[in-house]
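The sequence and the model are shown below, followed by a description in running text.

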Amino acid sequence: VEYTFSLICKLYGRLLELPIRLNSMSLNLRLSLLEIRVVLLLHSFVFGLCPGPTQKMNLFQSVTSALDNTLASDPTAVIFGEDVAFGGVFRCTVGLRDKYGKDRVFNTPLCEQGIVGFGIGLAVAGATAIAEIQFADYIFPAFDQIVNEAAKYRYRSGNLFDCGNLTIRAPWGCVGHGALYHSQSPEAFFAHCPGIKIVIPRSPVQAKGLLLSCIIDKNPCIFFEPKILYRAAVEQVPMESYQIPLSQAEVLQEGSDITLLAWGTQVHVMREVAAMAQEKLGVSCEVIDLRTIQPWDIETVCKSVVKTGRLLVSHEAPVTGGFAAEISSTVQEECFLNLEAPITRVCGYDTPFPHIFEPFYIPDKWKCFDAVKRMINY
């Protein structure tokens, strides 16, 4: 029953999901006729169990909706961070303090270490703690609390205590003008640490479902939100609570010649690259959204690479030590005899994130397209 329900929700979510860039007559969802028939036949069943009416939301509104659902259904849930009481700098908590009171949505001092430390204690005491770090770039003062306390709490106590009810939200990635202190993608720093989960969504539908899954998950989670998509991405999002399973990558477009793997904002770049490769080169690309960085879905990625023989991984973070390196190493071990070309990474440079040179720094569609050409011609 659980498998069937998750499959139905996935199919319906794919049907609802709209592309970020409406530059194609197709929705680029590549749903088969069978999938569509299944969705339509089970429409009433789906809405009887999870999503009800939908509403047009951008990404930050879908995050607000997820937090609203949580506060309404869980009396122990609290939200705290810098400026969250008035809605936060990106408006993700707007209206929640007025609705649920100052004891459940409140500001903290400008101290990321204290925010996470407080959240750990709150979660250990049994509350659902949702902490906001105002920018992912400022999560580093809390690094010790996350890595040495939150991630290890269950292990060091022999499972007598845990802080699994802790979720840490943070705006993440480049935004067009953020420069070195408001553009970083620090997921790889935390992927090296057992005991925490790391999730990055690509769209409003995904953001709400994945955030709610993080909140109910019994492990501390870091939920990075692509801030450039806060207002750029708009979809019809179910107003009621629903979950999207963690640690399950999603194949957005099936292909036969090369696998394109990304997460967050970069997924939309990969979709454009896939369209360009098909149009200009006649190359069939399989596009995968990893969604959960740790623990990541090795099975789905390797299954795709066995089929296509090629893998291109792209992220905004610097290439050295980025999570693409871990993916490349694992796939090389698992799929070596199936590879038709070296695994390729198209990532940020090993420099601080620049301001006016951001267009040259980011791994845009042209860099990724050039990589596809090199791999096909290898």
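## A buried residue and the sheets of the chain

Phe223 is part of strand β7, which covers residues 221–226. The model described here is a predicted one. Phe223 has a relative accessible area of 0% and is therefore buried. Among residues beyond four places in sequence, Phe223 is in contact with Ile168, Arg169, Ala170, Val199, Pro201, Ala207, Leu210, Leu211 and Cys214. One of these, Arg169, is 54 residues away along the chain, yet the C-alpha atoms of Phe223 and Arg169 are separated by 4.8 Å.

The chain as a whole gives the setting. It contains 15 helices and 14 strands. Of its 378 residues, 55% are buried. Among contacts with a separation of 6 or more, 82% are between residues 24 or more positions apart.

### The sheet of 7 strands

Strand β7 belongs to an open sheet of 7 strands with mixed pairing, in the order β3-β2-β4-β5-β7-β6-β12. The edges are held by β3 (105–107) and β12 (292–294); each has a single partner strand, so one side of each lacks a neighbour in the sheet. Neighbouring strands are turned against each other by 20 degrees on average, direction ignored. Helix α6 (residues 112–124) packs on this sheet and touches β2 (78–81), β3, β4 (129–132) and β5 (166–172). The direction of α6 makes about 165 degrees with that of β2. Val199 stands opposite Thr292 in β12.

### The sheet of 5 strands

Another open sheet has 5 strands in the order β9-β11-β10-β13-β14, again with mixed pairing. Here β9 (250–253) and β14 (344–348) are the edge strands; each has a single partner strand, so one side of each is left without a neighbour in the sheet. From one strand to the next, the twist averages 25 degrees. Although β14 stands at an edge, 4 of its 5 residues are buried, so β14 is largely enclosed by the rest of the structure.

| Strand pair | Sense | Bridges | Facing residues |
|---|---|---|---|
| β10 and β11 | parallel | 5 bridges | Leu261 and Ile288 |
| β13 and β14 | parallel | 5 bridges | His315 and Cys347 |

Helix α11 touches β9, β10, β11 and β13 (311–318), and its direction makes about 160 degrees with that of β10. Helix α13 (residues 323–335) touches β10, β13 and β14, and its direction makes about 155 degrees with that of β13.

### The packing of α11 and α15

Besides packing on the sheet, α11 packs against another helix. Two packed helices are described by the angle between their axes and the distance between the axes. Helix α11 (residues 266–281) and helix α15 (residues 365–376) have axes 9 Å apart and pack at an angle of about 50 degrees. Because of this angle, α11 is oblique to α15. The crossing is right-handed. On the α11 side, the residues in contact are Gln266, Val269, Met270, Glu272, Val273, Met276, Ala277, Lys280 and Leu281. They meet Lys365, Trp366, Cys368, Phe369, Val372 and Lys373 in α15. Sorted by class, this contact holds 10 nonpolar, 1 polar and 4 charged residues.

Terms used: Residues are numbered from 1 along each chain as its sequence is written. This is a predicted model: local features need pLDDT of at least 70, side-chain atom pairs count only at pLDDT 80 or more; totals for chains, interfaces and linings use all residues. Side-chain values use heavy atoms; hydrogens and water are left out. Axes are lines fitted to C-alpha atoms, for helices over the stretch in contact, and angles run from 0 to 180 degrees between N-to-C directions. Helices (H or I, at least four residues) and strands (E, at least two) are DSSP runs, numbered from the N terminus. Angles under 35 degrees count as roughly parallel, over 145 as roughly antiparallel, 65 to 115 as roughly perpendicular and the rest as oblique. A crossing is left-handed if the near helix is turned anticlockwise from the far one by less than a right angle, and right-handed if clockwise. Contact means heavy atoms within 4.5 Å. Ala, Val, Leu, Ile, Met, Phe, Trp, Tyr, Cys and Pro count as nonpolar, Asp, Glu, Lys and Arg as charged, and the others, Gly among them, as polar. Two strands pair if DSSP finds at least two bridges between them. Buried means under 20% relative accessible area, exposed over 50%, partly exposed in between (1.4 Å probe, protein chains only).
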